[in-house]
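Work through the exercises below with the sequence and the model open. Each task is followed by a solution in steps.

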Amino acid sequence: MIARTIEEITSAIHTAVQAAVWAPSVHNTQPWSFTVDGEEIALRADIERKLRLGDPEGREMLISCGAALMNMRLALRVLGCEPQVRVLPDPDRPALLATVRMGAAVAPDEHTRLLHAEIERRRTHRAGFTEVPVADRLIEAFACQANAEGARLTPVRSEAAVRVLAALTCAAEDVQSQDRLLTLEMIRWAQPPGSPRTDGVPARAYPREPRRTHPHFAQRDYAHGHPWGDDADQFRSTSTGIVAVLTTPADSREDWIAAGQALQRVLLHASAYDVSAAFHTQALEMFHLREFLRQELLSGEHPQMIMRLGFTSDESESVRRPVTDVLEEGGPG
């Protein structure tokens, strides 16, 4: 047992939670909360922030929380603590997704430091990419990062398969945009310019008039008819980039959390090489389209995220809630 002072424990916990809140989440809902019991941090899903229409099973919520868990693990390792993680430790408390204890002393390796350094730098991209290609060795490295967390990242090399993914994304976006209640749920997380909110998607986090890529992957309409968005020049951002799908062999709540950890590990490694990611979850939010992809394109594996990877000169904006909003003292109950 390592003797740690109260000050060291408190500092480490706050550092870990501060890292966690920088994880990506669907519509930047940040659907997590944390409680502390001694040297143990409990990660819980914040059900009030779940998309009840867009994500009724909570799959995207748990992927988001899995990404936050990965950040916590990295932060503790960089501080010299081996994180002891239990995922879904109590079936009677489904909102309790994981507990993390400060374990044995460990010297962080170079790769851990590399990933950790990208936690606050990484940004979600919401437009096309430049024509600069992503090297195959980087794509292979991203796949290795996903494998390390029990998931699979598959670059889609077939032009026909890319067209199918693009078409399904556009079709799902068109269908969802006609659903008034679903649209209202999404725009709840859309910030107007100058908003002081620390969650949701800022108005400058996407281009005002994004250029179409070929094939075109539809983006969410956060502006919803308003003249919002970034006026930065998007002239060079016309490439689709590398299309990839993150999958898991099964589709349980544990798999969703694992997918989130794998996703964040991939994103941080990509960010270290200035590669950005754009997410497309529309087709995965519709059961029949998700099942079609599983059976027809993904050899029976369950798709957890469709993304595009590439280079951009975009410096998109991001906001996060302060630690004081998500951290509570007390037991994990």
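**Exercise 1.** Classify aspartate 230 as buried or exposed, and do likewise for its salt-bridge partner.

Solution. Step 1: aspartate 230 has a relative accessible area of 12%. Step 2: buried means under 20% relative accessible area, exposed over 50%, and partly exposed in between, with a 1.4 Å probe and protein chains only; aspartate 230 is therefore buried. Step 3: the partner is arginine 204, and the closest N and O atoms of this salt bridge are 3.4 Å apart. A salt bridge here is a side-chain nitrogen of Lys or Arg within 4 Å of a carboxyl oxygen of Asp or Glu. Step 4: both residues lie in the loop between helix H6 (180–187) and strand E6 (242–248), and the pair links parts of the chain 26 residues apart. Step 5: arginine 204 has 48% relative accessibility, so arginine 204 counts as partly exposed.

The model is predicted: local features need pLDDT of at least 70, side-chain atom pairs count only at pLDDT 80 or more, and totals for chains, interfaces and linings use all residues. Residues are numbered from 1 along each chain as its sequence is written, and side-chain values use heavy atoms, with hydrogens and water left out. Helices (H or I, at least four residues) and strands (E, at least two) are DSSP runs, numbered from the N terminus.

**Exercise 2.** Find the salt-bridge partners of glutamate 39 and glutamate 149, and place each pair in the chain.

Solution. Step 1: glutamate 39 pairs with arginine 4, with the closest N and O atoms 3.0 Å apart. Glutamate 39 is in the loop between strand E1 (32–37) and E2, and arginine 4 is in the segment before helix H1 (6–20), so the pair ties together parts 35 residues apart in sequence. Step 2: glutamate 39 is buried at 11% relative accessible area, and arginine 4 counts as buried at 17%.

Step 3: glutamate 149 pairs with arginine 73, and here the closest N and O atoms are 3.0 Å apart. Because glutamate 149 lies in the loop between H4 and strand E5 (152–155) while arginine 73 lies in helix H2, this pair ties together parts 76 residues apart in sequence. Both glutamate 149 and arginine 73 are buried. Step 4: for context, the whole structure has 18 salt bridges. Asp46, Arg49, Arg197 and Asp199 are linked in a salt-bridge network.

**Exercise 3.** Describe how H7 packs against H4 and H2, and how H1 packs against H2.

Solution. Step 1: two packed helices are described by the angle between their axes and the distance between the axes. The axes are lines fitted to C-alpha atoms, for helices over the stretch in contact, and angles run from 0 to 180 degrees between N-to-C directions. Angles under 35 degrees count as roughly parallel, over 145 as roughly antiparallel, 65 to 115 as roughly perpendicular and the rest as oblique. A crossing is left-handed if the near helix is turned anticlockwise from the far one by less than a right angle, and right-handed if clockwise.

Step 2: helix H4 (residues 136–147) and helix H7 (residues 253–272) pack at about 150°, their axes 8 Å apart. That makes H4 roughly antiparallel to H7, and their crossing is right-handed.

Step 3: H2 and H7 pack at about 55° with axes 7 Å apart. They are therefore oblique to each other, and this crossing is right-handed.

Step 4: the axes of H1 and H2 come within 7 Å and cross at roughly 140°. H1 and H2 are therefore oblique, and H1 passes H2 in a right-handed crossing.

**Exercise 4.** Check the backbone at glutamine 30, leucine 88 and proline 215.

Solution. Step 1: most residues other than glycine have a negative phi, and most peptide bonds are trans. Step 2: phi of glutamine 30 is near 50°, a positive value. Glutamine 30 is in the loop between H1 and E1 and is buried at 0% relative accessibility.

Step 3: phi of leucine 88 is also positive, near 50°. Leucine 88 sits in the loop between strand E3 (81–87) and strand E4 (96–105) and is partly exposed, at 26%.

Step 4: histidine 214 and proline 215 are joined by a cis peptide bond, with omega about 0°. Proline 215 lies in the loop between H6 and E6.
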